[in-house]
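Please examine the sequence and the structure shown here before reading on. The report that comes after them is organised by region.

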Amino acid sequence: MIRIPCPFCGMRDHSEFTYGGDGSIEYPPLDASKEEWHDAVFLRDNICGVQFETWQHTHGCRMWLVVERDTMTHEILSVRPAHPGLASALANEQEADQ
Amino acid sequence: MTARRLDKGGRIDRSTPVNFTWDGKALTGYAGDTLASALLANGERVLGRSFKYHRPRGIMSAGVEESGAIVTVGEGARREPNVKATMQELYDGLSAEGQNAWPNVRFDLGAVNGLFGRFFAAGFYYKTFMGLPPFEWGHGTRLWMLYEKLIRKAAGMGTASREPDPDCYDHAHAFCDVLVVGSGPAGLSAALTAAEAGRDVILVEQDFELGGDLLTDPAAEQQRLDLVRAVEAAGARIMTRTTAFGLYDNGAAGLLERVTDHIASPDEGIPRQRFWTVRAGATVLASGALERPVTFENNDRPGVMTAEAARVYLNRFGVLPGQRIAIATNNDGAYGIAGELASAGAEVLLADMRNGDVPETPSGVTQKSGVAPLRAIGRSGVEGVEFASRSGDSWKPAGKEPCDLLLVSGGWSPVVNLSSHRGAKPFWNESLACFLPGETSEPIFHAGSAAGVWRREDCLASGAAAARKAMGEEVEEVAPGGWKNAIQPVYEVRLPDSHAKAFVDYQHDVTGDDVRLAHQEGFVSVEHLKRYTTLGMATDQGKMGNVIGLALMADALGKDIPDVGTTRFRPPYTPVAIGALAGRSVAGHFKALRRTPLHDWNLRHGATMTDAGVWHRPWYYAREGEGIEEAYIREAATVRKTVGICDVSSLGKIAVQGPDASEFLNRVYTNAFAKLPVGKARYGIMLRDDGIVMDDGTTWRLGEEDYLTTTTTAHAGKVMVWFEELLQSRWPDLKVHVTSVSDHWAGVSIAGPKAREVIAACLAADEDISNDVLPFMGVARITLKNGIEGLIARISFSGELAYELYVPAGQADAMMNLLWPAAEAVDGCLYGLEALGTLRIEKGHVTGAELDGRVTIDDVGLGKMASAKKSFVGSALRQRSELLRENRPQLVGIFPVDRSQRFKGGSLLCDPDAVTGFGEGWITAVTHSPALGHWIGIGYISGGAAAWKDKTAVAADPVRSGNVDVEIVSPHMFDPEGVRMHG
């Protein structure tokens, strides 16, 4: 019953979205060692509290989002596009609006 | 119990009789009755049999907490078990029957269980039958499985219809500022306050009439009407026959609206029930309180009910439930009903369990103080009560009194279930002897008796205050309580050494002794107590028994109730039919269905369809006299001999476009894509991050910055999501745009030695697809004879000379109307999925059955496609030692040693000396090969074909066809050099 404020589409029911995974992972370059890749792919914290996670608005704009969510309360603290260029463009626009 | 309908009084309509049947007997009630009130008025006493001991049970309450009158309503496909008679509205023609009894609830042979009651204590079945010797694992289990069947037959509740549900159910959504649950004085007051302040209010009531407690007070009728009219006038949306069964995140509530359950023959277009998801800004819970019984010997006899139930039957339904009535109470609440019953003509004895101050005795009532019920006398119904008085910490007998109805009030439990769903932990209030709703940071507010506020005027104020809080105002709380004299908690009355049947949870036959046994055996946590005794796990979810169970556990532990704690309530508050949860997502709407643009054309040309994931695809095109086997074998043979056409529109198609498209594909695929020339296609494999194969397909370079990537049908969605994730999250610097064009193109594969000839006959005059112009893996834009423009690629899944031809989806039929006559002219055929499977198995080409998320690129024998010169997704982790192990299962072909034998997909491949366990591999797909003339298969086996060169394996299929000796061969079973497709 979570609702996610999509930066492009507005407040939407979670059933429109697909959960991705841990949004804090920095994937190493493709030519990095298998040890580095192992850590990025397999090691995860099991956070009770606020975490960053990725969701895709599959049944909407299809954008990948980084959602800051409290795993205890399901409270959503922030949402931004996963694409850094889009995220900063959107932030600039919001700043200009204010 | 000599219950009878009174000549006047109540809210029933005596001018509208309603006919119904009970256990086949024709009875009559009135409009406004529930099934329970009508049965009571007809003098029916035994309405059910208990879960375990088959004890006779009658009406115990007048609401959702009912644990006795649980019946089966309806017939045939509409037969619904475990209906609480107290919640079922009477309608003309209603048919109900008793359950869990044979031959009937009044004379039930299963009651013999009661004689062996001491053997049926908590955990009895598990301890006895699972521990039967021999004790080795497996043997005991087998015996248990045998006994379980018999036990299940003897125990349990009603039986559901085995027929498909003929009714339909709807899902609906609503939004509001304030959701008010319950329409008693507090709920009406809350709804009125919020609606008058301009808020959008939804008021839900599980009953069919608004008013809650006001419905049982004839003197308050005008007040009720005024309140209801005011709420309506203020614009609140009112939903009756609707239960708020659960609260969820972000202010969401689940409601179940019973739309036609009270209608004799509802319009077929109307759903039976509606499942609502309501999003509320704030929620006011005015869900009331439920009266508790007390545990004493035979406290489950028909004729023992709550005092509140008698009030409802008398004042709302005009039924005097007994003539000689004993009331046992430990609080002030029962004094009102005592007087009302006396005024209605009953002989009333009011036994107050308290010593000390009690309210004034109502006129016409005999009152006793300091005595509690010790035992109900009578077998199939109450004939009297034996009292007890306090003797130190315990009780001693204190005389018997005859009675035909024994009313009990052991205190009141606020309905805190809904906020408990949100994790608000109820806390124990010592002076009121009940749990009050816990704190929550969410905008959920309690009002009225749900907050432990007992008096009506206080409930009205409490409702208004809760509404103000819901609107964000600061207001003073209305303090809980309201009785003049304090309640004196009594949970169980028994003599010190007594082990008579005294029930805590009626529905699951959990007794006071069961709770003590659980404690004695070390189950000290309340959660363990629940699971060991099943206390609170029946259809009422402990509405009557939970608090008593906790109190007895606390007593056994020598602790106070707050130190024992309580279990968390979980949705649903009352049972919800699976049909309502499913809504319209049943039968053909159970999952999405996708049809190719050629669907109708395929059907017109004799296709038998099959489900392939969400797709409906042609399976085979049977000719006169053919079954599936004859058809697919003919189709596969025809492709190898002349030509066949297959609908491949369901393949995933992604347009990959932009200046960095080449770089993107080069990173995604294991093989090199950077130098793929325009006008060429390449087969590629992509891996997941962890080095396992994700998908395969061909990618066509249509222009410098323009590619068309095809995926398998099954993984089309997954690959698209993956591309989007890579471009948006990982490689945002790449200038690439991906678009799903799967639905834009209709595609067919034309395969066979005459494929070129057939296509050439359909092309515009200046088109040329000769080997020089369109060689193997060549791609071109092409125009058909009728002017349709499309794409053609010379790629082969069947191993034949083959082409894939794509045209815009809307022109699919027009394309086929050209191609098919041309194919027919050379004795070609249409072929479906089954023949497609045959052709690809003969060639050892992989599909989803082989790319099952566990295999590496080396396992499928395509390791040479993994470039050593570049990095790609998965290139690091495919180097993990386990994935490089030499003897991993590898893709192989499989022949039966005796070529006349067949084997099945899913068989395990074993060493003949060790046909056991997981074996050495498995078979993913089998077919009869017309090209080879016998059954063949593909699968995986340790070490691959090389390791099994001179060794026979066994295809083991122990539960179906048995074992077959097989030969392990290269997966390229037909034309391994590929001469045919290059031709």
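The following sections describe the model, its overall build and several of its parts.

## Basis of the description

This is a predicted model, in which local features need pLDDT of at least 70 and side-chain atom pairs count only at pLDDT 80 or more, whereas totals for chains, interfaces and linings use all residues. Residues are numbered from 1 along each chain as its sequence is written, while chains are lettered from A and ligands numbered from 1 in the order in which they are written.

## Chain B as a whole

Chain B contains 25 helices and 50 strands. Here, helices (H or I, at least four residues) and strands (E, at least two) are DSSP runs, numbered from the N terminus. Along the principal axes, the C-alpha atoms of chain B fill a box of roughly 110 × 70 × 55 Å.

Of the 983 residues in chain B, 51% are buried. A residue is buried if 20 or more other C-beta atoms lie within 10 Å of its own, exposed if 12 or fewer, and partly exposed in between, with C-beta atoms placed from the backbone. Among the contacts in chain B with a separation of 6 or more, 66% join residues 24 or more positions apart. Two residues are in contact if their C-beta atoms, placed from the backbone, lie within 7 Å.

In chain A, four strands form an open sheet in the order β3-β4-β5-β6, with antiparallel pairing. Two strands pair if DSSP finds at least two bridges between them. Strands β3 (18–22) and β6 (76–81) of chain A stand at the edges; each has a single partner strand, so one side of each is left without a neighbour in the sheet. On average, neighbouring strands of this sheet are turned by 30° against each other, direction ignored. Axes are lines fitted to C-alpha atoms, for helices over the stretch in contact, and angles run from 0 to 180 degrees between N-to-C directions. Five bridges link β5 (residues 64–70) of chain A to β6(A) in the antiparallel sense, and A:Glu68 stands opposite A:Ser78 in β6(A). Helix α19 (residues 716–730) of chain B packs on this sheet and touches β3, β4 (50–56) and β5 of chain A. The direction of α19(B) makes about 80° with that of β5(A).

Between the two chains, 22 residues of chain B are in contact with 23 residues of chain A. Helix α19(B) supplies six residues, the largest share of the side of chain B that touches chain A. By class, that side has eight nonpolar, six polar and eight charged residues. Ala, Val, Leu, Ile, Met, Phe, Trp, Tyr, Cys and Pro count as nonpolar, Asp, Glu, Lys and Arg as charged, and the others, Gly among them, as polar.

## A parallel sheet in chain B

Chain B has an open sheet of five strands in the order β16-β24-β18-β19-β20, and the pairing is parallel. At its edges stand β16 (304–306) and β20 (365–369) of chain B, each with a single partner strand, so one side of each is left without a neighbour in the sheet. Strands β18 (residues 324–329) and β24 (residues 405–409) of chain B pair over five bridges in the parallel sense, with B:Ile327 opposite B:Leu407 in β24(B).

Helix α8 (residues 335–343) of chain B packs on the sheet and touches β18, β19 (347–352) and β20 of chain B. Helix α7 (residues 307–315) of chain B lies across β16, β18 and β24 of chain B, at about 85° to β16(B).

## A helix pair and a covered strand

The axes of helices α5 (residues 185–196) and α6 (residues 221–233) of chain B come within 9 Å and cross at roughly 30°. Their contact is made by B:Leu188, B:Ala191, B:Leu192 and B:Ala195 of α5(B) and B:Leu227, B:Val228, B:Ala230 and B:Val231 of α6(B). By class, this contact has eight nonpolar, no polar and no charged residues.

Strand β38 (residues 706–711) of chain B is mostly covered, with five of its six residues buried. It pairs in the antiparallel sense with β35 (residues 652–657) of chain B over six bridges and with β37 (residues 693–703) of chain B over four bridges. B:Tyr707 in β38(B) is the bridge partner of B:Val656 and also of B:Arg701.
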